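Please keep the 3D view open as you read.

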Amino acid sequence: MKKLLLLTASLIFSAGAWADCSNPKGSLETQKCLNLEVGQLKHELHDVLTVASESTNAQKELNAAQAKWIAYKESQCGDFVVADSQGSPATIVVDLACQADLYKERINFLKSYFNQ
């Protein structure tokens, strides 16, 4: 039973590997690729924030700013995109693309600000 659960979990987490992200065909493949990209960007942002936190005496303010940024990202990409797309099948793709764009902007801002 444990082996079956482990196999199922590994298949779920490697779903992005089934997509050709250099040339995705269709919305499902695009969705898988964007989901993979957002996951990688989350990790990169975490690493950038760790370095930023270690190089400032304003950790409390940095954490507060990050919490506000997360709320902004969720509001901008989730609430706004879902309402604007009126539940179309492309909603998930547009939401993930929005998240990827905002993660890249945040990473670039923090890297620039903290000279990384």
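1. Which cysteine does a disulfide join to C21? The partner is C33, with S to S 2.1 Å; a disulfide here is a pair of cysteine sulfur atoms within 2.5 Å. This is a predicted model, where local features need pLDDT of at least 70, side-chain atom pairs count only at pLDDT 80 or more, and totals for chains, interfaces and linings use all residues. Residues are numbered from 1 along each chain as its sequence is written, and side-chain values use heavy atoms, leaving out hydrogens and water.

2. C21 sits in the loop between helix 1 (2-13) and helix 2 (26-54), and C33 in helix 2, so the bond ties together parts twelve residues apart in sequence. Helices are DSSP runs (H or I, at least four residues), numbered from the N terminus. The link of C21 and C33 is left-handed, with -95° about the S-S bond.

3. C21 is partly exposed at 37% relative accessibility, while C33 is buried at 11%. Buried means under 20% relative accessible area, exposed over 50%, and partly exposed in between (1.4 Å probe, protein chains only).

4. A second pair to look at is C77 and C98, whose sulfur atoms are 2.1 Å apart in a disulfide. C77 lies in helix 3 and C98 in helix 4, so this bond ties together parts 21 residues apart in sequence. Both C77 and C98 are buried.

5. Now for the helices themselves: helix 3 (residues 59-85) and helix 4 (residues 91-113) pack at about 155°, with their axes 9 Å apart. Axes are lines fitted to C-alpha atoms over the stretch in contact (heavy atoms within 4.5 Å), and angles run from 0 to 180 degrees between N-to-C directions.

Terms used. Helices (H or I, at least four residues) and strands (E, at least two) are DSSP runs, numbered from the N terminus.
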